[in-house]
Amino acid sequence: MNSLDSKPLVEIVIPVYNEEAALEKSVKQLYQFLKQNFPYRWQITIADNASKDRTWEIARQLNLALPEVKVLHLDQKGRGRALRQAWGNSEAEVVAYMDVDLSTGLDALLPLVIPLVEGQNSIAIGSRLAREAQVTRQWKRELISRCYNIMIKAVFLNHFSDAQCGFKAITTKTARQLLPMIENNEWFFDTEMLLLAEHNGMKIHEVAVTWVEDLDSRVHITKTVKEDLKGLWRMRKTFWSGKGQLAATSYAKETNPKITSSVNRAA
Ligand SMILES: Nc1nc2c(ncn2[C@@H]2O[C@H](COP(=O)(O)OP(=O)(O)O)[C@@H](O)[C@H]2O)c(=O)[nH]1
Ligand SMILES: [Mg+2]
(Lines give C-alpha, C1' and ligand atoms only; values in the text may rest on other atoms or scores of the structure.)
(Ligands and ions follow the chains in the order given, each with its own letter.)
Protein backbone atom coordinates (compact mmCIF):
# COMPACT_ATOMS: atom_id res chain seq x y z
CA MET A 1 0.00 0.00 0.00
CA ASN A 2 1.49 3.40 -0.94
CA SER A 3 1.08 6.53 1.16
CA LEU A 4 -1.83 7.82 -0.93
CA ASP A 5 -3.82 4.60 -0.48
CA SER A 6 -3.48 4.87 3.27
CA LYS A 7 -5.11 8.30 3.34
CA PRO A 8 -8.78 8.43 4.26
CA LEU A 9 -11.30 8.70 1.44
CA VAL A 10 -13.86 11.53 1.41
CA GLU A 11 -16.83 11.25 -0.95
CA ILE A 12 -18.59 14.45 -1.92
CA VAL A 13 -22.08 13.99 -3.29
CA ILE A 14 -23.69 16.58 -5.53
CA PRO A 15 -27.44 15.98 -5.61
CA VAL A 16 -28.99 17.30 -8.80
CA TYR A 17 -32.42 17.73 -10.28
CA ASN A 18 -32.74 19.41 -13.68
CA GLU A 19 -29.36 21.08 -13.43
CA GLU A 20 -28.16 20.93 -17.04
CA ALA A 21 -27.13 24.58 -16.91
CA ALA A 22 -24.92 24.43 -13.81
CA LEU A 23 -23.67 20.86 -13.59
CA GLU A 24 -20.60 20.76 -15.79
CA LYS A 25 -19.12 24.07 -14.68
CA SER A 26 -19.66 23.32 -10.98
CA VAL A 27 -18.26 19.80 -11.09
CA LYS A 28 -15.17 20.99 -12.96
CA GLN A 29 -14.70 23.81 -10.46
CA LEU A 30 -15.00 21.42 -7.52
CA TYR A 31 -12.71 18.93 -9.26
CA GLN A 32 -9.96 21.53 -9.71
CA PHE A 33 -10.38 22.73 -6.16
CA LEU A 34 -10.01 19.22 -4.76
CA LYS A 35 -7.05 18.43 -6.98
CA GLN A 36 -5.19 21.48 -5.79
CA ASN A 37 -6.23 21.83 -2.17
CA PHE A 38 -7.41 18.57 -0.68
CA PRO A 39 -5.07 16.52 1.51
CA TYR A 40 -7.18 13.33 1.54
CA ARG A 41 -8.24 10.90 -1.15
CA TRP A 42 -11.50 12.12 -2.65
CA GLN A 43 -14.31 11.23 -4.97
CA ILE A 44 -17.21 13.23 -6.38
CA THR A 45 -20.58 11.53 -6.87
CA ILE A 46 -23.28 13.20 -8.94
CA ALA A 47 -26.64 11.91 -7.67
CA ASP A 48 -29.45 12.61 -10.09
CA ASN A 49 -33.10 11.91 -9.39
CA ALA A 50 -35.39 11.74 -12.33
CA SER A 51 -34.15 14.87 -14.05
CA LYS A 52 -36.18 15.69 -17.15
CA ASP A 53 -33.48 17.66 -18.92
CA ARG A 54 -29.92 16.72 -20.05
CA THR A 55 -28.56 16.43 -16.50
CA TRP A 56 -28.06 12.66 -16.61
CA GLU A 57 -26.36 12.82 -20.01
CA ILE A 58 -23.96 15.52 -18.79
CA ALA A 59 -23.30 13.53 -15.62
CA ARG A 60 -22.36 10.47 -17.70
CA GLN A 61 -20.01 12.57 -19.83
CA LEU A 62 -18.29 13.91 -16.72
CA ASN A 63 -18.01 10.35 -15.42
CA LEU A 64 -16.24 9.30 -18.61
CA ALA A 65 -13.97 12.34 -18.71
CA LEU A 66 -12.92 12.65 -15.09
CA PRO A 67 -11.53 9.67 -13.18
CA GLU A 68 -12.78 10.68 -9.75
CA VAL A 69 -16.38 11.41 -10.77
CA LYS A 70 -19.02 8.72 -10.16
CA VAL A 71 -22.66 8.99 -11.10
CA LEU A 72 -25.83 7.64 -9.57
CA HIS A 73 -29.34 7.72 -10.99
CA LEU A 74 -32.63 7.21 -9.16
CA ASP A 75 -36.15 7.10 -10.55
CA GLN A 76 -37.84 9.14 -7.89
CA LYS A 77 -37.32 12.75 -6.90
CA GLY A 78 -36.06 13.88 -3.50
CA ARG A 79 -32.73 15.24 -2.35
CA GLY A 80 -32.84 13.18 0.82
CA ARG A 81 -33.40 10.03 -1.22
CA ALA A 82 -30.31 10.78 -3.29
CA LEU A 83 -28.17 11.33 -0.20
CA ARG A 84 -29.51 8.22 1.48
CA GLN A 85 -28.54 6.11 -1.50
CA ALA A 86 -25.14 7.67 -2.13
CA TRP A 87 -24.05 7.85 1.49
CA GLY A 88 -25.49 4.48 2.43
CA ASN A 89 -23.45 2.70 -0.22
CA SER A 90 -20.26 4.68 0.14
CA GLU A 91 -16.90 3.08 0.68
CA ALA A 92 -15.42 6.33 1.96
CA GLU A 93 -14.65 7.06 5.60
CA VAL A 94 -16.41 10.42 5.39
CA VAL A 95 -19.28 11.44 3.13
CA ALA A 96 -20.43 14.97 2.40
CA TYR A 97 -22.77 16.82 0.10
CA MET A 98 -22.99 20.23 -1.44
CA ASP A 99 -25.56 21.90 -3.66
CA VAL A 100 -24.60 22.07 -7.32
CA ASP A 101 -24.81 25.86 -7.41
CA LEU A 102 -21.76 26.06 -5.09
CA SER A 103 -23.54 28.76 -3.08
CA THR A 104 -21.25 27.82 -0.20
CA GLY A 105 -17.67 28.94 -0.67
CA LEU A 106 -15.38 25.93 -1.08
CA ASP A 107 -13.01 27.31 1.55
CA ALA A 108 -15.37 25.82 4.12
CA LEU A 109 -14.88 22.26 2.88
CA LEU A 110 -11.71 21.34 4.74
CA PRO A 111 -12.86 22.87 8.04
CA LEU A 112 -16.03 20.81 7.57
CA VAL A 113 -14.36 17.44 7.09
CA ILE A 114 -11.14 17.62 9.13
CA PRO A 115 -12.80 17.01 12.54
CA LEU A 116 -14.61 14.02 11.04
CA VAL A 117 -11.54 12.50 9.44
CA GLU A 118 -9.64 13.02 12.67
CA GLY A 119 -12.36 11.40 14.74
CA GLN A 120 -13.29 14.43 16.85
CA ASN A 121 -16.86 14.67 15.53
CA SER A 122 -19.11 12.44 13.52
CA ILE A 123 -21.30 15.05 11.85
CA ALA A 124 -20.64 18.56 10.56
CA ILE A 125 -22.69 21.29 8.92
CA GLY A 126 -22.18 24.57 7.16
CA SER A 127 -24.02 27.41 8.87
CA ARG A 128 -25.29 30.63 7.35
CA LEU A 129 -26.61 31.71 10.73
CA ALA A 130 -23.36 31.48 12.67
CA ARG A 131 -22.00 34.87 13.72
CA GLU A 132 -19.00 34.79 11.37
CA ALA A 133 -21.00 33.66 8.32
CA GLN A 134 -21.14 35.98 5.33
CA VAL A 135 -24.44 35.64 3.56
CA THR A 136 -25.92 37.23 0.49
CA ARG A 137 -29.51 36.16 -0.08
CA GLN A 138 -33.01 37.48 -0.63
CA TRP A 139 -34.73 38.83 2.49
CA LYS A 140 -37.59 36.37 2.01
CA ARG A 141 -35.37 33.25 2.15
CA GLU A 142 -33.34 34.78 5.01
CA LEU A 143 -36.51 35.41 7.02
CA ILE A 144 -37.92 31.94 6.39
CA SER A 145 -34.60 30.36 7.33
CA ARG A 146 -34.29 32.33 10.56
CA CYS A 147 -37.91 31.67 11.60
CA TYR A 148 -37.54 27.96 10.82
CA ASN A 149 -34.39 27.58 12.87
CA ILE A 150 -35.82 29.60 15.79
CA MET A 151 -38.87 27.35 15.72
CA ILE A 152 -36.73 24.19 15.82
CA LYS A 153 -34.81 25.59 18.78
CA ALA A 154 -38.01 26.50 20.62
CA VAL A 155 -39.39 23.00 20.21
CA PHE A 156 -36.27 20.84 20.56
CA LEU A 157 -33.79 23.04 22.49
CA ASN A 158 -31.18 21.90 19.97
CA HIS A 159 -27.72 23.39 19.55
CA PHE A 160 -27.18 23.44 15.78
CA SER A 161 -27.89 26.81 14.17
CA ASP A 162 -28.74 26.08 10.52
CA ALA A 163 -30.64 22.95 9.59
CA GLN A 164 -30.93 23.59 5.88
CA CYS A 165 -27.58 24.72 4.53
CA GLY A 166 -26.76 22.54 1.52
CA PHE A 167 -23.29 21.72 2.83
CA LYS A 168 -22.89 18.87 5.30
CA ALA A 169 -20.63 15.95 6.14
CA ILE A 170 -20.92 12.83 8.24
CA THR A 171 -18.74 9.83 8.95
CA THR A 172 -19.96 6.85 6.95
CA LYS A 173 -20.19 4.83 10.15
CA THR A 174 -22.60 7.35 11.67
CA ALA A 175 -24.51 7.71 8.41
CA ARG A 176 -25.13 3.96 8.41
CA GLN A 177 -26.53 4.19 11.92
CA LEU A 178 -28.74 7.22 11.29
CA LEU A 179 -30.00 6.64 7.74
CA PRO A 180 -32.40 3.80 8.57
CA MET A 181 -33.99 6.01 11.23
CA ILE A 182 -34.64 8.93 8.87
CA GLU A 183 -38.10 8.77 7.30
CA ASN A 184 -38.07 11.83 5.08
CA ASN A 185 -36.62 11.60 1.57
CA GLU A 186 -36.86 15.19 0.50
CA TRP A 187 -35.97 18.55 2.06
CA PHE A 188 -36.74 17.67 5.70
CA PHE A 189 -34.15 14.87 5.53
CA ASP A 190 -31.40 17.21 6.77
CA THR A 191 -33.33 18.48 9.79
CA GLU A 192 -34.38 14.97 10.72
CA MET A 193 -30.80 13.73 10.56
CA LEU A 194 -29.54 16.55 12.78
CA LEU A 195 -32.34 16.16 15.34
CA LEU A 196 -31.70 12.42 15.54
CA ALA A 197 -27.97 13.00 15.90
CA GLU A 198 -28.36 15.42 18.79
CA HIS A 199 -31.06 13.30 20.38
CA ASN A 200 -28.47 10.53 20.50
CA GLY A 201 -25.86 12.70 22.13
CA MET A 202 -23.77 13.60 19.09
CA LYS A 203 -22.13 17.00 18.98
CA ILE A 204 -22.59 18.66 15.62
CA HIS A 205 -19.56 20.55 14.36
CA GLU A 206 -20.46 23.85 12.67
CA VAL A 207 -18.53 25.85 10.12
CA ALA A 208 -19.54 29.44 9.38
CA VAL A 209 -19.81 29.70 5.61
CA THR A 210 -19.72 32.32 2.93
CA TRP A 211 -22.99 31.91 1.09
CA VAL A 212 -23.96 33.60 -2.14
CA GLU A 213 -27.49 32.67 -3.08
CA ASP A 214 -28.18 31.36 -6.56
CA LEU A 215 -31.68 32.47 -7.52
CA ASP A 216 -32.23 29.43 -9.74
CA SER A 217 -34.02 27.27 -7.19
CA ARG A 218 -35.76 23.87 -7.17
CA VAL A 219 -37.52 24.69 -3.89
CA HIS A 220 -41.29 25.22 -3.84
CA ILE A 221 -41.44 27.37 -0.74
CA THR A 222 -45.04 26.75 0.39
CA LYS A 223 -44.81 23.00 -0.16
CA THR A 224 -41.46 22.80 1.62
CA VAL A 225 -42.63 24.84 4.62
CA LYS A 226 -45.59 22.45 5.01
CA GLU A 227 -43.28 19.44 4.72
CA ASP A 228 -40.96 20.92 7.35
CA LEU A 229 -43.77 21.69 9.81
CA LYS A 230 -45.21 18.21 9.42
CA GLY A 231 -41.74 16.77 9.88
CA LEU A 232 -41.07 18.75 13.06
CA TRP A 233 -44.37 17.62 14.55
CA ARG A 234 -43.61 14.00 13.66
CA MET A 235 -40.16 14.24 15.27
CA ARG A 236 -41.60 15.84 18.39
CA LYS A 237 -44.05 12.96 18.75
CA THR A 238 -41.28 10.44 18.05
CA PHE A 239 -39.13 11.80 20.88
CA TRP A 240 -42.11 12.19 23.26
CA SER A 241 -42.97 8.55 22.75
CA GLY A 242 -39.43 7.53 23.66
CA LYS A 243 -38.46 6.55 20.11
CA GLY A 244 -35.56 7.87 18.05
CA GLN A 245 -32.83 6.10 20.02
CA LEU A 246 -30.02 4.54 18.06
CA ALA A 247 -30.36 0.80 18.00
CA ALA A 248 -27.24 -1.30 17.90
CA THR A 249 -28.42 -2.94 14.70
CA SER A 250 -26.27 -3.15 11.63
CA TYR A 251 -27.17 -1.16 8.57
CA ALA A 252 -28.57 -2.90 5.50
CA LYS A 253 -27.18 -1.61 2.22
CA GLU A 254 -30.50 -1.86 0.38
CA THR A 255 -31.83 1.42 1.73
CA ASN A 256 -33.58 2.34 -1.48
CA PRO A 257 -34.74 -0.28 -3.94
CA LYS A 258 -35.56 2.39 -6.52
CA ILE A 259 -31.99 2.80 -7.67
CA THR A 260 -31.72 2.14 -11.37
CA SER A 261 -28.09 2.69 -12.13
CA SER A 262 -24.86 3.29 -10.35
CA VAL A 263 -21.87 3.84 -12.55
CA ASN A 264 -18.26 4.25 -11.69
CA ARG A 265 -15.18 4.50 -13.83
CA ALA A 266 -14.42 0.87 -13.69
CA ALA A 267 -17.92 -0.08 -14.92
N1 LIG B 1 -30.86 14.45 -6.40
C2 LIG B 1 -31.72 15.46 -6.24
N3 LIG B 1 -31.26 16.70 -6.05
C4 LIG B 1 -32.17 17.70 -5.90
C5 LIG B 1 -33.57 17.48 -5.93
N6 LIG B 1 -34.18 18.68 -5.76
C7 LIG B 1 -33.19 19.59 -5.63
N8 LIG B 1 -31.98 19.00 -5.73
C9 LIG B 1 -30.65 19.61 -5.65
O10 LIG B 1 -30.50 20.17 -4.36
C11 LIG B 1 -29.61 21.27 -4.45
C12 LIG B 1 -30.26 22.50 -3.81
O13 LIG B 1 -31.31 22.90 -4.60
P14 LIG B 1 -31.59 24.47 -4.83
O15 LIG B 1 -32.73 24.57 -5.78
O16 LIG B 1 -30.32 25.18 -5.18
O17 LIG B 1 -32.06 24.89 -3.36
P18 LIG B 1 -32.01 26.34 -2.71
O19 LIG B 1 -30.60 26.84 -2.86
O20 LIG B 1 -32.41 26.11 -1.29
O21 LIG B 1 -32.99 27.17 -3.47
C22 LIG B 1 -29.29 21.47 -5.94
O23 LIG B 1 -28.06 20.83 -6.20
C24 LIG B 1 -30.45 20.76 -6.60
O25 LIG B 1 -30.19 20.31 -7.91
C26 LIG B 1 -34.02 16.13 -6.13
O27 LIG B 1 -35.22 15.85 -6.19
N28 LIG B 1 -33.07 15.18 -6.27
MG1 LIG C 1 -29.38 26.90 -4.38
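Predicted model: local features only at pLDDT ≥ 70, side-chain atom pairs only at ≥ 80, totals over all residues.
**Close-up 1. β2 and its other neighbour, β1.** On to the pairing with β1: here 8 bridges link β1 and β2, again as parallel strands. One pair to look for is proline 15 with its bridge partner in β2, alanine 47. Helix α1 (residues 23–37) carries the chain across from β1 to β2, in a β-α-β crossover that is right-handed. How many of the 9 residues of β2 are buried? The count is 8, so the rest of the structure largely encloses this strand.

**Close-up 2. The shell around ligand 1.** There are 20 residues around ligand 1, and Pro15, Tyr17, Ala82, Ser217 and Arg218 come nearest. β1 (9–16), β2 (41–49) and α3 (79–88) each put at least two residues into this shell. Which element gives the largest share? That would be β2, with 3 residues. Sorted by class, the shell holds 8 charged, 7 nonpolar and 5 polar residues.

**Close-up 3. Helix α3, mostly under cover.** Zoom in on α3 and you'll find 9 of its 10 residues buried. Among them are three arginines, Arg79, Arg81 and Arg84, along with Gly80, Leu83, Gln85, Ala86 and Trp87. Ala82 is buried too, and this alanine is also one of the residues that come nearest to ligand 1.

Close-up 4. Alanine 124 belongs to strand β5 (residues 123–127). Why does alanine 124 count as buried? Because it has 26 C-beta neighbours inside 10 Å. Leaving out residues up to four places away in sequence, alanine 124 touches Leu112, Val113, Pro115 and Leu116, plus Lys168, Ala169, Ile204, His205 and Val207. Valine 219 is 95 residues away along the chain, and its C-alpha atom lies 23 Å from that of alanine 124.

Close-up 5. For the protein chain, by comparison, the mean pLDDT is 92, with 91% of residues at 70 or more.

Definitions and conventions. Residues numbered from 1 in each chain as written. Chains lettered and ligands numbered in written order. pLDDT = per-residue confidence, 0-100. Near = placed C-beta within 6 Å. Helix = DSSP H or I, 4+ residues; strand = E, 2+ residues; numbered from the N terminus. Nonpolar A, V, L, I, M, F, W, Y, C, P; charged D, E, K, R; others polar. Buried ≥ 20, exposed ≤ 12 C-beta atoms within 10 Å, placed from the backbone. Pairing = 2+ DSSP bridges. Right-handed = clockwise from strand over helix to strand, strands pointing away. Contact = placed C-beta atoms within 7 Å.
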